[in-house]
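Please have the sequence and the model open while reading.

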Amino acid sequence: MTVPPEIDIILETGYIGRILKETHSLALQERIVRCIRVFQSLEAIGAMAIPYVAAWKESDGKIWYEYASQRFCELMGCSPGELAGVFSDSIIDRRLYGANFQSQTISRLELVGSRNRIREEGKQTGATESVFKVSPPNRDIIWLKDQAVIEFFSEDSVCISIGSLVEVTKEMEAEEKRKQAEAALADSEKKYRQTFENTPILIVLTDPSGVIIDCNPKIAPYFGYTPEDVRGRLLGDMIHESCKARIQNAIRQTQEQGQMSGVELLFLKRDGRFLDANVNFSALTDEFGQTSGLVCGIEDVTHKKQMEEELVRTRKLDATGILAGGIAHDFNNLLTVIIGNMELAQLSGVIDGASRQALIAAKEAAVRAFRLTNKFITFSQGGSPVRREASLKSLLEDAIMESTQDAMSFALLGSRLECQRNYPQDLWCARVDEAQVRQVFVNILTNAKESMPNGGVISVKAENVHITGQGAEYEISLPQGRYVKIEISDQGSGIHPEDFEKIFDPYFSTKDRGAQKGMGLGLSIAYSVIKKHGGFIAAKPRSVGGASVIVYLPASD
């Protein structure tokens with residue numbers, strides 16, 4: 001075998017390999033010599049790349065360097081003979097750009113198991129490209145970009161890698177910082193999304209004019225919509241008419257001041273019910289400091305307001321009851337004397353004609369006054385219920401059909417009215433004071449009738465329910481257990497939102513005063529009676545018009 005003439009020269013210049021010192025094919029030796037000659041020429045003219053020639057045998061796969069630039073040794077802080085071991089030990093990871101790896105980063109520990117796969121791809125494609133992250137002894141971490149050609153000499157069962165290294169530390173540090181920033185941003189967005197979707201209040205994002213861009217899933221339990229339903233709608237369209245000016249003012253002040261807190265708004269739910277909310281507004285700004293959107297935190301305070309109103313109403317009724325009860329008892333004592341003496345005067349026979357008729361009329365007025373004072377007594381301790389098990393269905397029917405000469409206690413009269421009943425056959429009984437609960441139903445039915453002077457339909461529905469504390473908002477104030485729910489609905493003009501919190505107050509009435517209109521005590525009495533029975537009473541608007549009064553009474557065991 002003819003030896004290339006350059007071998008002796010190369011061997012004399014500090015050759016660090018073994019192929020030129022051993023018996024190998026002429027093709028392999030000539031290839032090594034040509035590569036070394038070219039690389040030495042490049043280094044002589046100050047090329048930036050760090051050239052090398054590495055080799056390994058197929059039999060054991062152990063790599064060595066046939067040639068390496070002195071700059072490579074200086075980077076690794078070692079002698080040429082130590083280079084293969086020091087470089088291998090300094091590797092932190094290697095990012096591979098081959099077709100089978102697609103920028104996959106492999107750690108030093110994983111490289112041992114992936115070595116054969118990497119080399120096999122190099123043999124098949126004839127090239128490799130990767131970036132080594134290395135930690136040379138006593139030096140900071142550096143990155144080296146490696147581009148190499150892989151050649152296999154089957155006669156020798158030897159592979160050689162002819163490549164060059166370029167330090168890309170600045171570029172890779174910048175890329176790592178970018179990736180860290182991207183990862184931090186992705187993590188921040190994930191946390192934001194989780195917070196946005198799982199926060200216990202409703203979060204709505206709008207543009208500067210109040211058009212909804214996005215909202216979290218709380219929109220469903222709050223308003224009955226999905227996020228898709230409300231995107232593109234004005235937030236103000238979901239507000240009751242009485243609060244339109246307030247939300248417009250809140251948006252304007254948020255744009256000017258950056259935020260506005262504690263705005264009380266009345267929202268309209270999908271089913272027509274109302275939701276009281278406490279809303280906090282915050283402005284989102286762009287890079288120029290201009291308002292780019294609004295964040296609205298909407299907290300449902302319906303139940304809280306109901307409980308506050310319940311407390312105020314209860315205190316008000318208690319105070320009224322103490323006063324009314326005392327006066328009523330004394331007044332009834334006086335009326336008993338007056339009525340008794342009128343009856344004696346009638347029996348005496350000394351009064352006749354017009355005087356007798358006047359006496360009878362006076363007695364009837366006194367009897368009506370007596371009945372009115374009994375309504376006041378309902379507020380006092382003297383009006384506490386005397387309970388026994390009763391059929392609520394029968395009490396409802398009695399109230400519907402009741403008709404007496406007392407204009408204040410009639411229920412349904414007149415051919416223009418229709419009553420639709422809906423009771424289950426197995427409607428539970430309840431332990432109630434029958435007279436008081438019947439009066440509750442009469443009062444509610446009377447209000448329903450008077451709300452429809454031109455006639456209409458009154459719906460009376462009863463059903464058995466189990467309260468778990470997770471139902472409608474007016475159910476959660478009740479202890480868990482079995483209840484009978486009664487709902488009496490009309491087709492009248494409905495209840496103005498501003499009147500909802502006052503309809504159970506004593507003497508509150510939207511009707512004219514007069515003999516046929518009462519004194520605003522009907523629903524107050526109903527409220528007092530139901531509370532004393534451990535139940536609950538509420539009013540709500542109907543989506544089709546009119547109003548409903550809902551009563552819950554504890555069912556018998």
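Is V38 buried, partly exposed or exposed? V38 is partly exposed, with a relative accessible area of 45%, where buried means under 20%, exposed over 50% and partly exposed in between (1.4 Å probe, protein chains only). The model is predicted, so that local features need pLDDT of at least 70 and side-chain atom pairs count only at pLDDT 80 or more, while totals for chains, interfaces and linings use all residues. Residues are numbered from 1 along each chain as its sequence is written, and side-chain values use heavy atoms, with hydrogens and water left out.

**Helix α2**
- V38 lies in helix α2, which spans residues 26-44; helices are DSSP runs (H or I, at least four residues) and strands likewise (E, at least two), numbered from the N terminus.
- The buried residues of α2 are L28, Q29, I32, V33, C35, I36 and F39, and they cover an arc of only 165° around the axis, which puts them on the same side of α2; the arc is that of the directions from the helix axis to the C-beta atoms.
- Elements covering these buried residues include α1 (7-12), β1 (50-57), β2 (63-68), β6 (142-153) and β7 (158-167).
- Just after α2, G46 adopts a positive phi of about 80°.

**Helix α4**
- In α4 (residues 83-90), the residues L83, V86, F87 and S90 are buried, and they cover an arc of only 95° around the axis, which places them on the same side of α4.
- The cover over the buried residues of α4 includes β2, α3 (70-76), β3 (91-96), β5 (127-134) and β6.

Terms used:
Contact means heavy atoms within 4.5 Å.
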